[in-house]
Structures are given as C-alpha cells and as structure tokens.
Amino acid sequence: VSGVAVMSPPVAHRADYRIPDQSVASDQLVDQIVCGGAMDLYSQIESNSIPLIITSPAYYGCRQYGGGRNELGREWDPMSYVENLIQHTLEWKRILAADGNLYLNLGDVYFGTKGFSRNTGLHKRKTDHHYEKHDKVRSEGCYTQYKQLLQLPSQVSIRMASLGWILRNEITWTKPNANPSFSPDRRLPVHEKIFHFVKSDTNFFDFQTAKRLYSHRDHTMHGPEPFKKHQASFPETLVAPYVLTSSRIGDIVFDPFMGSGTVAVVAKRCKRHWIGFELVKENCQDARERVENTKVEPYSDEEIIQKNGIRNCQEAARRSRKRQRLARNAAMDSTKPNQSSCRQY
C-alpha cells in the first residue's frame, strides 16, 4: 500500500529467537508498527499466519483518534459501528492460524450520554473533549433511547458467532479504580468484556501456565494504566497472561489497533514477535519509541499475580473465613461449662 511507513531497521533482539515456519506473514511487517488504517493494511498479511491477535478497537461514540469522521467509532448509528467492526473480524479470521486465538476487548456505552451530559460539574471526564462535538444520534424510541445500555460488545460477539467464530470465554475485566460514569438512578459500571475467540476446535492453550498465573478463570481485575495521551491503554499485566498462555515463544502477536504499543511491549518481553497497525502517526511514533526502549525481560509470576488482584481477593476471603471460624469456636468455648470448677453433689 502506497504511503505506508515501515519502521527500520529491525529491533536488535530479532535474531534471538526464530519466527516459526507456520508464520508466513510478510517479513517486512514482523517486529514493526505500521502507520495506516487497518482495513488498508490487512492484505499485506498472509492467510492463516498469525497465532495470536490481541486488540481493543475504538469504542463507539467515545474518543477521537485522528482519523476524522470515517474512523471506527464515529458512526452515526450504533449498529453501523457493529457492522464496520465485523468487517475487521472477517480479516482477522482469514489471517488467524488454524490453532490461533483472538482476544477482543470491547467496552459498552449508554445511548445519548457521551459528550452531552458530563462536560461540566463534579463528574466531568478527562476525555469529554474527544466527543463533545460528536453528532448526537437521534432516538427512535426503542433500541436507541436515552439511558439505554447499547450492549454493543454482545452485539458484536453474536454476529461473530453467526460467521463461524467459536467463543471460548467471555472474560470480565473489573476496573477497581475506573473513571466514574455517574448517574443517580443506576449502579456505576466498572467492568468491560474481553472475548476469547478461536476459529477451530484445536486452538493452542496452556492451561497449566494459566493456572500458575491465576489466569485460569474468566475474571481479571486491573486498573487502567495511562500512557502519555492514552488514558485507557492496556495494562501490561492484563495482556501478559494471554500472550503466555495462548502463544509459544517466537510466535507473532498482532494488534490492528496498536495505540500506545502495549501489546508489542508485552510480546517483546515474552520473547514473541509482533505486528501492529496504528492509524495516528503520533501514536505510531510514541509506540515505536516505547517498544525500542523495552528490554527482553520476562515478567515474574508474582508481578502478574499481584497486579491481577484476583489472588489477593481470594486470600483476603480465606483470611476472613478463618477469622469467622476462630470467632465461632471462641464463642462456642465461652458457652461450655468449666469442667474443672464443677463440683459433684
């Protein structure tokens, strides 16, 4: 594709581990973050060549990323967003290896609220400037009506299943310090979905590693980790278990919406290769510099487990149950008669 900027030369660690024979993606793309729109670049990737895709596309009606009114997420109608995203999933299904895995993170949105009710006051969000000029979708009184949670992640996953994808897990990502999306007549939304899709019944998955990292359940807990202008970039320790359990050393990890470069950083630290597409030139440069400054330094199990938060919650629950048990035993002991002080009459 003309006008595509490809980073060169390759990063220094590239020869440390070979690219597997089954990965036949263009060598010019491997270990690169390419600047351009994903739909214009997919054709450069061979079919059945990518073992692992991890990505978080733009959410509907939220941030502006520099691609103008035609970029994903700026659609007039929410179902148009779903259909446009489905076009990307068709390409992902083509390029994903037969035993490959896809992790797709999507957030939901309430109809009619983005940029129209929280630009001032106590609950103003830092990202409001991204959508304050976004055209407001007109309500048709049913699906698109004020205060409606649009369920866009579920809409996408159902459409993907109808196209042959196999949904293996719907992972709940809880954000303990999520930005408030306040409304006095409902609960605060603090979770997003991460869908684990495959395209065959023989996908690669290392369950023992998942169990060791406390990543064997369909729940994870991480706070957002902002990077420069990216207020909602992936936490590295959120991505790391998916790389370590769903790919092998030397495999290629692909993110068509690279953003701040987190997926590439994690791939490098885990001794995997990467390919990334990113629409915004400034983000491309920031992500490239971030990856270049990253050392091939594997994550410790303890770092992943501690940042995940699930184990800590489980241990806290066990300690609580132990305290309750000891308290019950102490209460029972206090009600028993003192045998040594009893006299026989």
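User: Is Gln 32 buried or exposed?
Analyst: This is a predicted model, in which local features need pLDDT of at least 70 and side-chain atom pairs count only at pLDDT 80 or more, while totals for chains, interfaces and linings use all residues. Residues are numbered from 1 along each chain as its sequence is written, and side-chain values use heavy atoms, with hydrogens and water left out. Buried means under 20% relative accessible area, exposed over 50% and partly exposed in between, with a 1.4 Å probe and protein chains only. Gln 32 has a relative accessible area of 2%, so this residue is buried.

User: Which backbone oxygen lies 3.3 Å from a polar atom of the side chain of Gln 32?
Analyst: Gln 32 belongs to strand 1 (residues 32-35), where strands (E, at least two residues) and helices (H or I, at least four) are DSSP runs numbered from the N terminus. The oxygen that lies 3.3 Å from a polar atom of its side chain is the backbone oxygen of Val 30.

User: How many disulfides does the structure hold?
Analyst: A disulfide requires a pair of cysteine sulfur atoms within 2.5 Å. The sulfur of Cys 35 has its closest cysteine sulfur in Cys 284, at 3.1 Å, which is too far for a bond. Cys 35 is buried at 12% relative accessibility, and Cys 284 is buried too, at 1%. The number of disulfides in the structure is zero.

User: Which residue of strand 8 stands opposite Phe 254?
Analyst: Phe 254 lies in strand 7 (residues 252-255), pointing one way together with Ile 252, whereas Val 253 and Asp 255 point the other way, and all are buried. Strands pair if DSSP finds at least two bridges between them; strand 7 runs parallel to strand 2 (residues 50-55), with two bridges, and also parallel to strand 8 (residues 273-278), with four. In strand 8, the residue opposite Phe 254 is Ile 275.

User: Which element gives the most to the lining of the second largest pocket?
Analyst: A pocket is an open set of points on a 1 Å grid over the protein atoms alone, where a 1.4 Å probe fits, with protein on both sides within 12 Å along at least five of seven lines, and lining residues have an atom within 4 Å of a point. The second largest pocket has a volume of about 320 Å³, and among the residues closest to its centre are Tyr 103 and His 196. Strand 4 (166-174) and strand 6 (219-221) are among the elements that give two or more residues to the lining, but the element that gives the most, with five residues, is helix 5.

Key: Polar contact = N/O pair within 3.5 Å; in protein donor to acceptor, adjacent residues only side chain to side chain. Points joined across faces, edges and corners; volume = space filled by probe spheres on them.
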